[in-house]
Amino acid sequence: MSAGGQTRGRAKTIRHVGFLRHGGFRWLFVALVLCFGAVWGYQRFEPDPPSGGSWYGYGLGTVAALMILWLAYLGVRKRSITPGTWTLKGWVSAHVYLGMALALIATLHTAFQFGWNLHTLFYGLMLLVIASGLVGVILYVAMPRVLSANRAELTERQMLEQIEALDQQLHEAALPLSSEAAAAVRGSIRNSPIGGLHGRCGTARAVSIIERLRRGPVPDAGLDAVAGLLNKKSGALARARRHARIKAVLQAWLYIHVPATFAVLAAMVAHIVAVFFYA
Ligand code: HEM
């Protein structure tokens with residue numbers, strides 16, 4: 001892997017870890033100010049008994065609704081990276097801290113009146129999105145450590161290049177071998193997937209065929225070298241597959257975060273319609 005590639009890999013890691021500290025914790029500060037302001041206002045202006053329908057409750061509800069729309073907009077923003085002050089890292093930083101502040105602002109808006117109704121369903125869905133977001137943040141922070149422990153200092157590209165180099169050596173080492181051994185090696189080169197299912201992995205098959213041939217009455221002289229290369233390839237494949245699996249697990253939280261976002265948007269429309277037209 002080139003030095004440029006390594007720098008790119010590191011930059012990606014920094015993007016994921018660095019968003020929490022972005023701009024000297026600017027968005028944490030903004031979120032805290034919002035939270036303290038909301039609690040102060042609640043104590044000062046909320047009537048007794050408190051209600052989401054007071055003027056202050058409506059204010060909190062409006063702020064929460066606008067925050068939800070803005071938080072959901074990250075899905076669009078992520079796919080249109082433009083240079084400028086508002087970097088994607090800045091967006092994610094604001095998203096995370098303001099998303100957490102939303103939990104408090106929306107809770108104050110409910111005035112703690114919960115029940116088996118559409119409004120509480122909306123609130124619960126919103127908390128689900130926020131909780132899944134928190135899981136995502138924890139995973140993003142843990143990701144570089146977990147992945148690099150498995151990679152043993154290799155980058156993803158280096159892992160693949162290592163497998164390609166072993167394939168090249170295997171191809172040459174198999175040339176003088178018997179047709180059965182050569183076919184097994186070809187199977188390894190052609191059919192050793194890294195992602196998806198690898199129950200019928202060509203390398204695993206080749207390892208057992210070459211082992212059997214080595215134990216035969218007149219083992220081919222070149223079999224030892226091929227067995228050594230296949231062992232190295234098995235190790236490299238296992239590592240690359242673990243890497244792919246960890247990355248897939250680390251993305252799994254988005255399968256809750258994103259669909260639940262759509263559910264929240266739908267529930268928000270229903271909540272607003274119910275409040276204004278059926279209250
Ligand atoms: C109601 C509140 C929230 C909504 C509607 C929301 C919505 C979204 C959406 C639509 C995306 C883009 C996903 C994609 O297209 O890949 C996203 C990404 C993300 N959200 Fe949230 N989110 C909310 C709250 C939170 C909270 C509270 C956190 C953290 C504590 C959080 C953490 C994240 C992270 C880390 C990403 C990924 C950013 C990246 O890929 O770089 N979200 N969210």
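## The cores

Begin by selecting Leu60, Ala64, Tyr97, Leu102, Ile105, Ala106 and Met126: of the 25 residues in the largest nonpolar core, these touch the most other members. Helices H2, H3, H5, H6 and H11 each supply at least two residues of this core. Helix H5 makes the greatest contribution to the core, with nine residues.

Apart from this core lies another, of 19 residues, including Met159, Leu170, Ala174 and Leu230. Select those four residues in a second colour.

Now return to Leu60. Which residues is Leu60 in contact with, leaving aside its neighbours within four places in sequence? They are Ala38, Ile105, Leu108 and His109.

## The whole chain

Zoom out and display the chain as a cartoon. This is a predicted model. The secondary structure of the protein chain comes to eleven helices and zero strands. Of the 279 residues in the chain, 22% are buried. Among contacts between residues at least 6 apart in sequence, 77% join residues at least 24 apart.

Next, colour the chain by pLDDT. The average over the protein chain is 89, and 90% of the residues score at least 70. Which element has the lowest mean pLDDT, and which the highest? Helix H1, residues 3-18, has the lowest at 44, while helix H3 has the highest at 98. Select residues 1-16, where pLDDT stays under 50. For this stretch the model has 14 contacts beyond four places in sequence. Where pLDDT is low, the predicted coordinates should not be read in detail.

## The shell around the ligand

Select the ligand, then the 25 residues around the ligand. Leu71, Gly75, Gly99, Ile130 and Gly133 come nearest. Several helices each supply at least two residues of this shell: H3 (55-72), H4 (74-77), H5 (88-110), H6 (118-151) and H11 (254-277). Which helix gives the most to the shell? Helix H6 does, with eight residues.

The shell divides into 17 nonpolar residues, seven polar and one charged.

## From helix H2 to helix H3

Select Pro49, in the loop between helix H2 (22-45) and helix H3. Is the peptide bond from Asp48 to Pro49 cis or trans? The bond is cis, with omega near 0 degrees.

Proceed to Gly59, which is found in helix H3. Gly59 has 15 other C-beta atoms within 10 Å and is therefore partly exposed. Draw a distance between the C-alpha atoms of Gly59 and His109: they are separated by 8.3 Å, although the two residues are 50 apart along the chain.

## The loop between helices H5 and H6

Select Ala111, in the loop between H5 and H6. Ala111 has a positive phi of about 55 degrees although it is not a glycine. Phe112 is also found in the loop between H5 and H6. The phi of Phe112 is positive as well, near 60 degrees, in a residue other than glycine. As background, most residues other than glycine have a negative phi, and most peptide bonds are trans.

Are Ala111 and Phe112 buried, partly exposed or exposed? Ala111 has 19 C-beta neighbours inside 10 Å, so Ala111 counts as partly exposed. A residue is buried if 20 or more other C-beta atoms lie within that distance. Phe112 has 9 other C-beta atoms within 10 Å and is therefore exposed.

## The loop between helices H7 and H8

Select Leu175, found in the loop between helix H7 (156-174) and helix H8 (179-190). Leu175 is exposed because 9 other C-beta atoms lie within 10 Å.

## Helix H10

For the last stop, select residues 223-251, which form helix H10. What span should this helix have at 1.5 Å a residue? The 29 residues should span 42 Å, and the end C-alpha atoms are 41 Å apart, which agrees.

Finally, show the side chains of the buried residues of H10: Leu223, Val226, Leu229, Leu230, Lys233, Ala236, Leu237, Ala240 and His243.

Methods
Residues are numbered from 1 along each chain as its sequence is written. This is a predicted model: local features need pLDDT of at least 70, side-chain atom pairs count only at pLDDT 80 or more; totals for chains, interfaces and linings use all residues. A residue is near a molecule or strand if its C-beta atom, placed from the backbone, lies within 6 Å of it. Helices (H or I, at least four residues) and strands (E, at least two) are DSSP runs, numbered from the N terminus. Ala, Val, Leu, Ile, Met, Phe, Trp, Tyr, Cys and Pro count as nonpolar, Asp, Glu, Lys and Arg as charged, and the others, Gly among them, as polar. A residue is buried if 20 or more other C-beta atoms lie within 10 Å of its own, exposed if 12 or fewer, and partly exposed in between; C-beta atoms are placed from the backbone. pLDDT is the predictor's confidence in each residue, from 0 to 100. Two residues are in contact if their C-beta atoms, placed from the backbone, lie within 7 Å. The expected span of a helix is 1.5 Å times one less than its number of residues. A nonpolar core is a set of buried Ala, Val, Leu, Ile, Met, Phe, Trp, Tyr and Cys residues joined through C-beta atoms within 7 Å.
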